[in-house]
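Good morning, and thank you for coming. Please look first at the sequence and the structure.

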Amino acid sequence: DWEVARFTLGMGRAALRAALRADPTLPQGLRTTPGAAASFTLAEALALRAALAPRPSPRPAGAQAKVVALANFKGGVGKTTTAAHLAMAAALDGLSVLMIDLDSQGSLSAMFGIHAEDEWDTAFPLIARHHAAARAAAGLALDAALEAALEADVEGLARPTHWPGVSLIPAQLDLHWAEFQAPVWRLAVPGWKLWDGIADALARPGPDGTCALDRVDLVLIDTPPALGQLTINGLAAADVILAPVGASYLEFDSTGRFFDMLH
C-alpha cells in the first residue's frame, strides 16, 4: 500500500490508511494478516486515484489523441518493448491507450495475451476498407472480402487487455499479406493512397459522430522492422515518430539510413 500511496496517489501511507478507514466503500486491498500491508490490483489502485486524487483530463477540451509510431527498420532495438512500457506508463497516469500492432511477428500482441485468428482480426481490414472505398468511388466492383471490409472499424477490432486502460488491435503472421496485397490493389486503383488506411480508420467518425481519436488519449503503433506498406501506414498516421536505436556504431548508422529512406 505504500507504493500505491506514494506513486499513484501522491500521499503518505498513513493518509491512505485513514482514508480507507473513513470510507469502507473504497477498495480495501488484500491483507494476508491483520495489520499487514495491503496489496491492491491495478484496477483498484486506479479506482482509489479516481476517488482520492483525481487528476485533470490529460487532453484539453476538443483535442484529439496523439498518435505515436515506434519505427526503425533495424530489428532488435526495442520498438515493441518501448511501446508496451509507454502504454502501461500512460495508463498508470490515467490515459486511455489504444495500441496497434502492425508487426506480423505479433510480439506486442503476445506480451498482452491477445491472439488473432487470422489477418481479419488484425489491422488488415482497416487498410482493406480504405481500398474498398476508393474502389467503389472509382466505379469498380467489390468482391465478397472487400464488401465485408466496409464494415471494419477500430472499435470492432480493438480488444481490452489485462492492463486497465489499454486496448490493442493485435497482429499475427497473416498480417504480412498486406505487404503484397496493397500494391496489387493499387494497380487496380492507381490513385489510391495506400499509406492512408490506418490514418483514415483512426479519424473516421462512427454513428455517434466521434472517431477513435476522440475516444482515447493516446495511440501507440508498433511497426515491423522494415520500411514496407505496414510501416508506412503507421508513419503516415503518426503525429510523433520514436526511433529506438541500439548503442553501437552499426545500429546508429542503420538508423541514419532509415531516416534517409523515410525522407
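**A walk through the model**

Of the 263 residues of this protein, 43% count as buried; buried means under 20% relative accessible area, exposed means over 50%, and partly exposed lies in between, with a 1.4 Å probe and protein chains only. The model is predicted, so local features need pLDDT of at least 70 and side-chain atom pairs count only at pLDDT 80 or more, while totals for chains, interfaces and linings use all residues. Residues are numbered from 1 along each chain as its sequence is written, and side-chain values use heavy atoms, with hydrogens and water left out.

The secondary structure comes to 13 helices and six strands. Here helices (H or I, at least four residues) and strands (E, at least two) are DSSP runs, numbered from the N terminus. Along its principal axes, the C-alpha trace spans about 70 × 50 × 35 Å. Contact means heavy atoms within 4.5 Å. Among contacts between residues at least 6 apart in sequence, 72% join residues at least 24 apart.

Let us turn to one helix. Which residues of helix α2 are buried? In α2, residues 13-22, they are Leu16, Ala19 and Leu20. These residues lie on the same side of α2 because they cover an arc of only 100° around the axis, the arc being that of the directions from the helix axis to the C-beta atoms. An α-helix has 3.6 residues a turn, so residues three or four places apart point the same way. On the other side of α2, Ala14, Arg21 and Ala22 are exposed. The cover over the buried residues of α2 includes α1 (2-9) and α3 (42-52).

Next, a strand residue. Leu168 is found in strand β4, residues 166-169, and is buried, with a relative accessible area of 0%. Leaving aside neighbours within four places in sequence, the residues in contact with Leu168 include Leu98, Ile100, Phe112, Leu157 and Thr161. Leu168 and Thr122 are 46 residues apart in sequence, and 9.6 Å apart in space, C-alpha to C-alpha.

I now come to the aromatic rings. A pair of aromatic rings is described by the distance of the centres and the angle of the planes. Rings of Phe, Tyr and Trp (its six-membered ring) pair if their centres lie within 6.5 Å; planes under 30 degrees apart count as stacked, over 60 as edge-to-face and the rest as tilted. How many aromatic pairs does this rule give? The count comes to seven. Phe73 counts as partly exposed, at 23% relative accessibility, whereas Phe258 is buried, with a relative accessible area of 0%. Phe258 also forms an edge-to-face pair with Phe259, at 5.5 Å centre to centre and 65° between the planes. Phe259 is partly exposed, with a relative accessible area of 40%. Elsewhere, ring pairs link Trp120, Phe124, Trp185 and Trp192 into a cluster.

Thank you for your attention.
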